[in-house]
Amino acid sequence: PQSTPRLLRLLNDYNQKVTFFCTGEKAKAYPHLISEMQAEGHQIGNHGMKHLSGWQTSLDTYIDNARPWTDTIKLDLFRPPYGKMTPAQYQSIKKKYTIVLWDIMPGDFDQKIDGPKLFQRIQKNLSHDSIVVLHDKSSCISKIEYALTKIFERQ
């Protein structure tokens, strides 16, 4: 709730639309933020009810965790937490969702990475069809704001 409004303002200022992959736990805790994301034209994707690693979770538990956490939003996209799924989990999930991975994971969650370094890591590999994973956390938002502002201003 501290970082999402800041990120939404930044995206709105630069007329940028993104996909927010949300855990059901957070979505249910902050439904007003999900509504705001949708109202501003962003897409919502499923990131599981909880942030479970497929490699450490049984098939049944993982599939149950990936069930839609809402009846009011059509969730067509699934991003596996940590990008980790077993082959059986993948085969099951792909029947219901388009599975989305990424080509740039710049490490915004790393406390040793500051805004300029985050920008550099994104910019180095960015192309028009890149999928960049950033984390909407309070500990990351300042450096994300810095990096995205620099990227958006270069467009």
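**Reading spaces, helix packing and ring pairs**

Mentor: I63, A66, R67, P68, S92, I93, K96 and Y97 line the largest cavity. Keep in mind that this is a predicted model.

Trainee: How is empty space in a structure found?

Mentor: Rolling a probe the size of a water molecule over the atoms shows where empty space is left. In this structure, the search covers the whole model and turns up one cavity of 30 Å³ or more.

Trainee: What volume does the largest cavity have?

Mentor: About 50 Å³.

Trainee: How do the residues lining the largest cavity divide by class?

Mentor: Five are nonpolar, one is polar and two are charged.

Trainee: Which elements give two or more residues to the lining of the largest pocket?

Mentor: Look for α1, β1 (19–22), α2 (24–29), α3, α6 (115–125) and α7 (141–154). Helix α7 gives the most, with five residues.

Trainee: And how does the lining of the largest pocket divide into nonpolar, polar and charged residues?

Mentor: There are 27 nonpolar, 15 polar and seven charged residues in that lining.

Trainee: How should I read the packing of two helices?

Mentor: Two packed helices are described by the angle between their axes and the distance between the axes. Take α1 (residues 4–13) and α3 (residues 31–39): the angle is about 5°, and the axes lie 11 Å apart. Angles under 35 degrees count as roughly parallel, so α1 is roughly parallel to α3.

Trainee: Which residues make the contact between α1 and α3?

Mentor: From α1 come T4, P5 and L8. From α3 come L33, E36 and M37. By class, the contact of α1 with α3 has four nonpolar residues, one polar and one charged.

Trainee: Last topic: aromatic rings. How many aromatic pairs does the structure hold?

Mentor: Three. One to examine is Y62 with F78, whose ring centres are 6.2 Å apart. Planes over 60 degrees apart count as edge-to-face. The planes of Y62 and F78 stand at 85°, so this pair is edge-to-face.

Trainee: Where in the chain do Y62 and F78 sit?

Mentor: Y62 is in helix α4 (residues 59–65), while F78 is in strand β3 (residues 77–78). They are 16 residues apart, and the pair links distant parts of the chain.

Note on methods: Residues are numbered from 1 along each chain as its sequence is written. This is a predicted model: local features need pLDDT of at least 70, side-chain atom pairs count only at pLDDT 80 or more; totals for chains, interfaces and linings use all residues. Side-chain values use heavy atoms; hydrogens and water are left out. On a 1 Å grid over the protein atoms alone, a cavity is a set of points where a 1.4 Å probe fits but cannot get out, and a pocket is an open set with protein on both sides within 12 Å along at least five of seven lines; lining residues have an atom within 4 Å of a point. Grid points are joined across faces, edges and corners, and a volume is the space filled by probe spheres set on the points. Ala, Val, Leu, Ile, Met, Phe, Trp, Tyr, Cys and Pro count as nonpolar, Asp, Glu, Lys and Arg as charged, and the others, Gly among them, as polar. Axes are lines fitted to C-alpha atoms, for helices over the stretch in contact, and angles run from 0 to 180 degrees between N-to-C directions. Helices (H or I, at least four residues) and strands (E, at least two) are DSSP runs, numbered from the N terminus. Angles under 35 degrees count as roughly parallel, over 145 as roughly antiparallel, 65 to 115 as roughly perpendicular and the rest as oblique. Contact means heavy atoms within 4.5 Å. Rings of Phe, Tyr and Trp (its six-membered ring) pair if their centres lie within 6.5 Å; planes under 30 degrees apart count as stacked, over 60 as edge-to-face and the rest as tilted.
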